[in-house]
Amino acid sequence: MKMLRLPRSKVQLGARLPWNVRDDAGQLLLSRGHIVESEHQLDQLLERGAFVDAEEVKAVASQASSNVDPTVARHLNLFGLWDQATLDLQKLLTGATLADDLADQIARFAGHIIELVDSNADIGIYRCVRQEQAKVFYYGYAHSIHAAMLCLLLTRHLGWPAERVLTLVKAALTMNTSILALQGQMAGQDFPMRDKQRELIHEHPQRSHDLLFQAGVSDPEWLNAILQHHERPDGTGYPTGRTDLDEMAMLLRLTDVFLAKISPRELRPALTTQDAIRQVFRDDHGGALSTAVIKQFGIYPPGDFVKLASGELAVVVQRTANARAPIVAVITDKAEHPIAKTMRRDSSLPEYAITANAHNKTMLARLPPERLYGFAEMTHTATPPR
């Protein structure tokens, strides 16, 4: 039995463990399905020395591909599976008439997204942060999946019940159903929003709500979250300017806005994650929702390009309990010359502390993310939207 040390970032508080956890002698500490309820409980577990069987880890990861055709799954790593999910969401939500069983299809698809996040949430965040190579045509679909992923992380952090978490994930996937193609068009245009586009944007919460209702979605929480996800507590939102807002809609709006800020457009570059976090924290007056974004994303989230005290340049690949000190993958030497093989550094160590964001992103253009995470580069049988 090959044992792997259990990293803190792999344990989702309030979620069932996907594998058995053992000590260094192989004795069972927690069985699969056990729920770690608190940071204190997790600290105690890790202090004892927590390990998981490598074969169990592989088996859980393979389950994430259960909704993908087997002939495709053999050729996809986790990055490929996320890309495939974007294509699959496009198929689900494209067309003037949505399928009569759309609610069931979205529920199954939401379950698949949850499995991908549980396989490695850091990769999900990486894809939100590093979007330079994404094809703008797919922006609306990718944005919806990113929102679903972040909603999942935030609601788990806030301790929402699993059923309510799933409802919000489904709402995130479908909140922009009526404007998905328009979002891609606008992301790629080099001129400001046209009057007709502004009108469609203003109407889209109601129109998306109506499309889903006509397709058989009847869950009032799901529909209400979509209808209200651009309203604001001060009444300055749209489409109706209401102020009595549901928490689910407020969290969906914050997630939607935050991810839009860190997504590049033809007309403007993406904000840094740090600037975007400051803005949502200010707008939320430092409330529980924006604080949850900081807790789950970190100050330097996976995907951030940073400079270390050592002089090396690196890409953040894994969150830790310290929001300012993630694990990074070094891609240059101390003279900032590219290196052939990436190396991991713990930025909590003074010699590898993060000193600043790095700005010469040209060296990232041809760097496959699989290399940063130790996956072999694979040929995808589907054409990914990246």
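This is a predicted model: local features need pLDDT of at least 70, side-chain atom pairs count only at pLDDT 80 or more; totals for chains, interfaces and linings use all residues.

I started with burial: R319 and D122 are both buried, buried being under 20% relative accessible area, exposed over 50% and partly exposed in between (1.4 Å probe, protein chains only). Residues are numbered from 1 along each chain as its sequence is written, and side-chain values use heavy atoms, with hydrogens and water left out.

Next I checked the contact itself. R319 and D122 form a salt bridge at 2.7 Å, N to O; the rule is a side-chain nitrogen of Lys or Arg within 4 Å of a carboxyl oxygen of Asp or Glu. R319 sits in the loop between β6 (313-318) and β7 (327-332) and D122 in helix α6 (residues 121-129), so the pair ties together parts 197 residues apart in sequence. Helices (H or I, at least four residues) and strands (E, at least two) are DSSP runs, numbered from the N terminus.

I then looked up R164, which bridges to E247 with the closest N and O atoms 3.8 Å apart. This pair links distant parts of the chain, R164 in helix α8 (residues 162-174) and E247 in helix α12 (residues 247-261), 83 residues apart. E247 is partly exposed at 36% relative accessible area.

I have D195 as exposed at 64% and R198 as partly exposed at 43%.

Shared partners join R164, E221, D246 and E247 into one salt-bridge network. My count by this rule is 14 salt bridges.
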